[in-house]
Each structure stands twice: as structure tokens, then as C-alpha cells.
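Please read them with the model open beside you.

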Amino acid sequence: MRVEVLERILKVNDALAEEVRAALDRAGIVAVNVIGSPGSGKTALLEQTAAVLHPRVRLGVIEGDIATTRDAERLVRCGVPAVQIETRLVGGACHLDASLVRMALARLRLEEIEVLFVENVGNLVCPSAYGLGEHLRVVVASVPEGDDKPAKYPATFARASAVVLNKVDLLPVTDFSMAAFAESLRAVSAAPLFPLSARTGEGLGGWLAWVEAQRADWGRAP
Ligand SMILES: Nc1nc2c(ncn2[C@@H]2O[C@H](COP(=O)(O)OP(=O)(O)OP(=O)(O)O)[C@@H](O)[C@H]2O)c(=O)[nH]1
Ligand SMILES: [Mg+2]
């Protein structure tokens with residue numbers, strides 16, 4: 001019974017996600033669902049991305065959190081149009097869904113956006129099952145979480161279009177093995193891996209080039 005209910009919820013979500021994707025396609029926007037554990041550095045990555053790319057690449061951000069508007073405020077301070085979804089106002093879900101994203105889209109001027117990042121609620125499990133109408137998924141892992149995360153959360157990593165490994169500035173003070181992480185990722189995914197530090201800026205270049213390439217492939221050509 002519970003399985004049937006969940007399947008019905010996911011089916012309704014899938015239908016709404018198709019609507020969202022159609023609206024994004026009409027607007028020529030490439031949308032990226034950003035998934036990762038609480039504190040892995042998703043917002044920090046978006047801040048660094050905005051600092052270099054925006055407004056040459058016109059970014060927009062939908063922020064998902066259970067509570068607070070802090071992350072959207074951080075992006076607004078970078079000059080990026082950003083809106084916050086607080087799931088505590090609609091039941092406290094541990095992930096975004098397509099209906100929430102559809103509502104958030106109505107608060108953005110789509111004609112001013114080329115690449116839309118949707119930062120999901122910090123969680124490495126639940127967001128994986130809920131499509132948001134995005135074109136691409138990025139998983140943001142980080143060094144302090146340990147090098148075994150792709151092996152322990154395979155479904156999330158398997159659906160990634162790209163994987164960011166953040167906080168490489170902390171490698172010297174942890175027992176994190178880059179080789180072990182890369183090996184466990186390769187067992188479930190062929191997605192490109194971008195090791196970087198959103199704090200020092202080390203390694204950001206590859207990630208930024210990937211974002212620009214997606215804009216050219218999916219959205220309006222530069
Ligand atoms: N050392 C180090 N700290 C980082 C780096 N990136 C982010 N942080 C720190 O990690 C903490 C969490 O960063 P956020 O960007 O808020 O993480 P988040 O994934 O958006 O968190 P939630 O939205 O709560 O899930 C902050 O204290 C950041 O300053 C990094 O590359 N290196
Ligand atoms: Mg955040």
C-alpha cells in the first residue's frame with residue numbers, strides 16, 4: 001500500500017516535472033539540479049560560479065531549504081536573481097519537488113536567465129527520486145564527508161551529469177583518498193569529476209568551463 005502511494009506521488013511529480021521542463025525549454029534555459037549533503041558547499045560553489053560567470057552567462061538560482069532564506073540572500077548579494085523555497089511552509093519536505101519549482105519559477109523573470117541552478121535541500125538521498133524538470137544534475141560532495149560516498153549512496157551519484165568534489169583545501173588534514181573516491185564513483189557513474197575548493201578557488205576552471213559548455217549545448221548559444 002505504501003509503495004503504491006509513493007509510486008502515485010512520483011508519477012504526479014514526473015508529470016509536473018515535464019511541464020516545468022517544457023516551460024524552461026520555451027525560455028531557452030538550461031536548468032541544473034544541485035544535490036548534496038548539508039554543508040557540502042553547494043551555495044559556496046554557486047557564489048564562486050556567479051562571481052566569475054555572471055552576468056556574462058546570465059544565471060538564476062532557486063534555493064531549497066527546510067528553513068531560512070539565507071542561501072537566496074547569499075546569491076542576491078552576488079547580483080544573481082534568486083528566490084528561496086522554504087519547505088517548512090509546505091510540510092517540511094527533505095527535498096524539492098516539481099510543484100515547488102513551478103511556483104518558484106513564477107517569481108523569476110525567465111527571459112533574463114540562461115542557466116538556472118536549483119539548489120536542493122541538503123540531503124544525499126531523498127532529492128534523487130524527485131525530478132524537478134531539470135536538464136542536468138550535479139552532485140556536490142566534499143572531502144570531510146569521506147571518500148566512500150559514491151559507494152554508499154550509489155543511486156544519487158549514478159544519476160549525476162557531473163560530480164563536484166568540494167573542499168580539496170582540506171585534503172592535507174583528512175585521510176580522504178582521491179583515488180578511492182574516483183574508483184567508487186567510476187563503479188556507478190561515468191560523469192565528469194571536478195575536484196575543487198570553493199574557498200580558495202583551486203580547481204574551479206574545469207567546473208566553470210563545464211557550465212559554459214552546457215549553456216551552449218542546451219540553452220541559448222553564447
Ligand atoms: N574549507 C572549506 N570550507 C568550505 C568550502 N566550501 C564551503 N565551505 C564551508 O562549508 C560550510 C557550508 O557551506 P555552504 O555553501 O553553506 O554549504 P551548503 O551545501 O550550501 O549547505 P546547506 O545549504 O545547508 O545544505 C560553510 O562554513 C562554508 O564556508 C571549501 O571549499 N573549503
Ligand atoms: Mg546551501
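1. Begin with Val30, which belongs to strand S1, the stretch covering residues 30-35. The model is a predicted one. Is Val30 buried or exposed? Its relative accessibility is 1%, and a residue counts as buried under 20%, so Val30 is buried.

2. Val30 can also be compared with a residue from another part of the sequence. Between Val30 and Ala162 there are 132 residues of separation in sequence. In space, the C-alpha to C-alpha distance of Val30 and Ala162 is 14 Å.

3. Next, find Gln84 in strand S3, which runs over residues 82-86. The relative accessible area of Gln84 is 8%. This value falls under the 20% limit, and therefore Gln84 is classed as buried.

4. Which backbone atom of Thr68 lies 3.4 Å from a polar atom of the side chain of Gln84? It is the backbone oxygen of Thr68. The side chain of Gln84 also has a polar atom 3.0 Å from the backbone nitrogen of Ala72. When you check the model, look at Gln84 together with Thr68 and Ala72.

5. Now turn to the ligand. Where does ligand 1 sit? Ligand 1 is found in the largest pocket. Two elements each give two or more residues to the shell around ligand 1: helix H2 (42-53) and helix H3 (70-77). Helix H2 contributes the most to this shell, namely three residues.

6. The shell around ligand 1 has 20 residues, and those that come nearest are Lys42, Thr43, Ala44, Arg74 and Asp169. By residue class, the shell around ligand 1 consists of four nonpolar, eight polar and eight charged residues.

7. Some individual distances to ligand 1 are worth checking by eye. A polar backbone atom of Ser40 is 3.2 Å from an oxygen atom of ligand 1. For Asp71, a polar side-chain atom lies 3.0 Å from an oxygen atom of ligand 1. Lys167 likewise places a polar side-chain atom 3.0 Å from an oxygen atom of ligand 1. How much of the accessible area that ligand 1 has on its own does the protein cover? Ligand 1 on its own has 660 Å² of accessible area, and the protein covers 76% of this.

Technical notes:
Residues numbered from 1 in each chain as written. Chains lettered and ligands numbered in written order. Predicted model: local features only at pLDDT ≥ 70, side-chain atom pairs only at ≥ 80, totals over all residues. Heavy atoms only, no water. Near = heavy atom within 4 Å. Polar contact = N/O pair within 3.5 Å; in protein donor to acceptor, adjacent residues only side chain to side chain. Areas by Shrake-Rupley, 256 points an atom, 1.4 Å probe, with all protein chains shown as cover. 1 Å grid on protein atoms, 1.4 Å probe; cavity = no way out; pocket = protein on both sides within 12 Å on 5 of 7 lines; lining within 4 Å. Sits in = over half its atoms within 2 Å of the grid points. Helix = DSSP H or I, 4+ residues; strand = E, 2+ residues; numbered from the N terminus. Nonpolar A, V, L, I, M, F, W, Y, C, P; charged D, E, K, R; others polar. Buried < 20%, exposed > 50% of the residue type's maximum accessible area, 1.4 Å probe, protein only.
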